[in-house]
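This report covers strands, backbone geometry, nonpolar cores and charged pairs, in that order. Please keep the sequence and the model at hand while reading.

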Amino acid sequence: MILHSKELIEEYTVKGYWGTRTLLDLFYKNCEAHPERMAVEDPPDRIELVGTPPKSLTYAQFKQAVEAMADELLRRGLNKDEVVVVQLPNIWELAALYLAIALAGGIISPLPWQWREKDVGYVLKLTGARFYIAPEWFKGFGYLKMGSELGFKHVISLDEIGGVIKRRPAFNFPAQIQIDANEVFTICWTSGTEANPKGCPLTHNNWLFGGNLVLRTCKLQKGDRILCVAPLVNMTGVGVNYVPWLLTGGTLVLHHPLNMQVLLQQLTNSNVHFTILVPAVLNMIIKLPVENSPDLSSIRTIATGSAPPSSWAMIELGKLRNLEPLISKGF
């Protein structure tokens with residue numbers, strides 16, 4: 001699905017802002033270059049979120065999972081340019097589905113896990129989506145039941161889509177990929193505020209342009225370990241964590257917002273090089289007693305945003321570690 005006009009595509013291509021590379025191209029390049037490197041790591045408290053233990057996957061394993069998921073969606077009748085609504089916490093399956101759905105020719109529409117019938121039903125009506133992927137239960141709520149009652153034709157459980165990880169696909173996916181860099185990769189949603197949520201379609205080129213800005217601004221390097229604390233459904237989660245992860249060929253360390261005890265452990269023990277934390281979380285870390293402060297020695301850069309951080313926080317954070325805190329209203 002290409003929504004940008006030919007004139008706009010030509011203009012931005014000539015200016016060098018957009019190109020022909022897709023996010024799938026980046027992914028396969030990483031898989032070929034570093035098959036044994038860890039690609040994705042689940043949050044340590046995954047079992048408390050969805051009832052199954054955390055998993056870490058190498059690029060070779062993650063590639064197999066992505067292709068198996070794409071194969072499963074095609075088996076179930078996913079058509080080119082169809083929207084797939086996904087409502088999952090920050091776990092490896094969500095990270096895989098971004099690529100798997102694109103690989104199968106679809107468009108992922110990830111939703112915040114706290115949304116219920118009103119907002120999910122609105123998305124269904126607006127997009128005409130037939131596919132809905134979610135855990136059976138999460139935080140005491142029945143997502144599959146909601147999806148069926150709202151009228152999704154294909155309601156797929158987390159266990160079903162994750163369970164195909166070892167399946168050998170019927171297709172040679174790298175040879176089958178015919179995705180244009182100007183095709184829509186995602187439809188992410190605003191919070192709605194006082195009205196209905198607003199769907200924001202973004203292409204491979206849209207995401208790559210923003211991701212490269214993050215790379216330069218935050219001084220990311222090849223192979224970096226990126227801690228994704230933001231929900232992997234919005235501009236911060238996808239644009240500041242997920243796309244830079246693909247661009248660096250590093251490791252995506254997942255955290256489901258927000259468990260401070262787990263976050264402090266990950267900051268200390270997961271050898272993280274980059275993350276983004278909202279000012280309130282930065283303030284909480286700064287105010288911890290010295291004996292409880294996380295070891296930030298591996299971190300090169302912390303970005304922050306969503307609200308203006310105080311100058312006090314920037315100064316105090318610098319005392320904890322010789323970091324380069326970034327204040328950006330865009331993040």
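## Terms and basis

A residue is called buried when its relative accessible area is under 20%, exposed when that area is over 50%, and partly exposed in between, with a 1.4 Å probe and protein chains only. The model is predicted, so local features need pLDDT of at least 70 and side-chain atom pairs count only at pLDDT 80 or more, while totals for chains, interfaces and linings use all residues. Residues are numbered from 1 along each chain as its sequence is written, and side-chain values use heavy atoms, with hydrogens and water left out.

Helices (H or I, at least four residues) and strands (E, at least two) are DSSP runs numbered from the N terminus.

Strand β5, residues 131–134, is covered on both faces. F131 and I133 are buried on one side, and Y132 and A134 are buried on the other.

Two strands are taken to pair if DSSP finds at least two bridges between them. Strand β3 (residues 83–86) runs parallel to β5, and three bridges join them. V86 has I133 of β5 as its bridge partner. Strand β8 (residues 154–157) also runs parallel to β5, with four bridges between the two. Here F131 has H154 of β8 as its bridge partner.

## Backbone exceptions

Most residues other than glycine have a negative phi, and most peptide bonds are trans. K139 has a positive phi, near 55°. This lysine sits in the loop between β6 (137–138) and β7 (141–142), and K139 is exposed at 57% relative accessibility. K219 is not a glycine either, and its phi is positive at about 55°. The loop that holds K219 runs between α10 (204–218) and β11 (225–228). With a relative accessible area of 44%, K219 is partly exposed.

The peptide bond between P257 and L258 is cis, with omega about -20°. L258 is placed in the loop between β12 (251–254) and α12 (260–269).

## Nonpolar cores and a surface patch

A nonpolar core is a set of buried Ala, Val, Leu, Ile, Met, Phe, Trp, Tyr and Cys residues joined through side-chain atoms within 4.5 Å. The largest such core has 90 residues, and F62, Y242 and W245 touch the most other members. Helix α5 (residues 92–103) gives the most to this core, with eleven residues. Apart from this core lies another, of 19 residues, among them V229, L296, I299 and M314.

Contact here means heavy atoms within 4.5 Å. Not counting residues up to four places away in sequence, W245 touches N30, A39, V40, Y59, F62, I226, G250, T251 and L252. T275 lies in strand β13 (residues 274–276) and is buried at 0% relative accessibility. With the sequence neighbours up to four places away left out, T275 touches L227, V229, L267, T301, I302 and A303.

L213 lies in helix α10 and is partly exposed, at 35% relative accessible area.

## Salt bridges

Side chains of opposite charge can pair when their charged atoms come close. A salt bridge is counted when a side-chain nitrogen of Lys or Arg is within 4 Å of a carboxyl oxygen of Asp or Glu. The whole structure has 15 of them. R76 forms one with E72, and the closest N and O atoms are 2.7 Å apart. R76 is partly exposed at 25% relative accessibility, whereas E72 is buried at 9%. E72 and R76 are linked with E160 and R167 in a network of salt bridges.

D119 and K118 form a salt bridge at 4.0 Å, N to O. D119 is buried, with a relative accessible area of 17%, and K118 is exposed at 59% relative accessibility.

The side chains of D224 and R300 also meet in a salt bridge, at 2.7 Å, N to O. D224 lies in the loop between α10 and β11 and R300 in the loop between α13 (279–286) and β14 (301–304), so the pair ties together parts that are 76 residues apart in sequence. D224 is buried at 2% relative accessible area, and R300 is partly exposed at 22% relative accessibility.
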